[in-house]
Amino acid sequence: MLSELLGISGVWHLKIHASTASPSIAGLMTLLAIIAAWIVHFFNISRRRQQKSYDQEPPTLPYWIPWLGHAVHFLRNSNGIIDRAIAYFGNNRPFTIYAGGERLYILTNPKDVRQLYRKTRQLSFSPFVETIVLNVYHFDEHDFKTLTAVHPVTGATILGETHGFYRHHLLPGERLNTLKARYIQELEHSMENITFPSEGVNLFPWVCDTIGSTSTSSVFGRGLLERNPGLLKDLWVFDELHLWMISGMPRYFTQPGFDARDRLLTAVEEYFDQGYAKKEERLDMVWMREEMISKTGLSRRARAALHLTIYWAMQTNSVRAAYWTLSYILRTPSLLNKIRAEIAPAFSTSSPTKLINPDLIITDCPLFNATFNEALRLTSGSASSRVVAEDTEVGGYILKVGGKVMAPSIQPHMDASMWGDDVEEFRPERFLNKDGQWDGEVERKMGYGFRPFGGGETFCPGRHFARFQDLTFVASVIHRWEARVPEKTTWPTELRNRSAIGVLDPSHIGPRVNFESRLNPEPSS
């Protein structure tokens, strides 16, 4: 579990315990079995009738329990259920998973996913966001109506224009350059002040803490963490239980997530109310957004929730992607040496630890960028989700109003027909041409088969900064330090047997890593 990987205690986990039935309840067990058999028989008849009336819908993966369907398994391990369905139907055409009274249409074929992104009227994303603000943040009636009201002039809701605001500020240009400069400033400050314990560090929690503090300070200034030292811990508790909170799971199971949420919201509220960020550390994007939504009539708590949602999204997936990129590089010595040579021109020769040309890492390091892509291909657990607003055809089937649509990324990322028989292997070169240069044509050929950042109207606006943030961090680490790991190390694999919202967690804590300087100390002035 994530809390165990990060050394966080106090998170309650959902577990199903099996117990041995005693002879005294054997009769009851038999009776329950008879009742279960009758229910299965009755529901099979009902399902056949239902199939006749909805014979244009994608076929349904068989299930046993009425109404519940595959709900429990889907919530715990959605990828496992989807893989089972693909094997059952023997193709990548749309299919239906029935869970908790809901029809979930699953799309894994890139051509079908393209339709998902193009049919913005028929397939809507807004209901999912509305579910989050209700189930995770518990907006009251006033705030919910304000959030979803259509503006008479722009024709957009606050939710609808949020994506456009961040796209405007995070696409390549002057505004993004300002954020990148702030991040590099904080990254160098962080790198210069790192000290490693003699016993080494566990890589995943170290990456989470280092990038987390660096990125937070670059966006909000250092004061936010100075006044809230438990902020990152709360963020990861909130993240671990986020999916369960969205699902509406009883608070008995998710209370630590809501407690962490409350502390995070209070920290954000105080940040804006008290204005303790130094002027030179304030990022215009953050304060402009606060000024805009403060005029809408949303409560202070609701505004803090909107800020927290963006902060959570910027932190958690990007940190995991950086971890996997660094982890794959460290476990592949030949790749490590090649990337070190590739990134060397980005650093100063007179002051070897100084990153003087960070943009070069994005523009002139094809193998490094291919490594980042390959790490995302293997570890992205994100899914694009929509709600059917109008009956519409996708992949030769009719998706009915009210149904949910999900396009997971893992299945196309692991499709051998697209990526080759070595699809399970880590091989960055698959993104390069025969001359070892960056091959954007590979991504174009894959179409929607490679989409770690989603697509369509929900195409992640922070994807450019995420790549910049992660690659400059990893470059700084491998340029500055030599990593020593124990012999016969068992590196973690991607945790694919549980549901995830974004990049997957590692399967276990992994080895302790000792970092030793590989650069000569800078001469004193």
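Which residue forms a salt bridge with Asp-505?

**View 1. Asp-505 and Arg-320 form a salt bridge.** In this predicted model, whose residues are numbered from 1 along each chain as its sequence is written, local features need pLDDT of at least 70 and side-chain atom pairs count only at pLDDT 80 or more, while totals for chains, interfaces and linings use all residues. Side-chain values use heavy atoms, with hydrogens and water left out. The partner of Asp-505 is Arg-320, and their closest N and O atoms are 2.7 Å apart; a salt bridge here is a side-chain nitrogen of Lys or Arg within 4 Å of a carboxyl oxygen of Asp or Glu. Asp-505 lies in the loop between strand 9 (481-484) and strand 10 (512-517), whereas Arg-320 belongs to helix 15 (residues 300-330), so the pair ties together parts that are 185 residues apart in sequence. Helices (H or I, at least four residues) and strands (E, at least two) are DSSP runs, numbered from the N terminus. Both Asp-505 and Arg-320 are buried, where buried means under 20% relative accessible area, exposed over 50%, and partly exposed in between (1.4 Å probe, protein chains only).

**View 2. Glu-161 and Arg-289 meet in a salt bridge.** The N to O distance is 2.9 Å, and the pair links helix 7 (residues 158-170), which holds Glu-161, with helix 14 (residues 284-294), which holds Arg-289, 128 residues apart. Glu-161 counts as partly exposed because its relative accessibility is 26%, whereas Arg-289, at 3%, counts as buried.

**View 3. A network of salt bridges links Glu-374, Arg-377, Asp-422, Arg-427 and Arg-430.** The structure as a whole holds 30 salt bridges.
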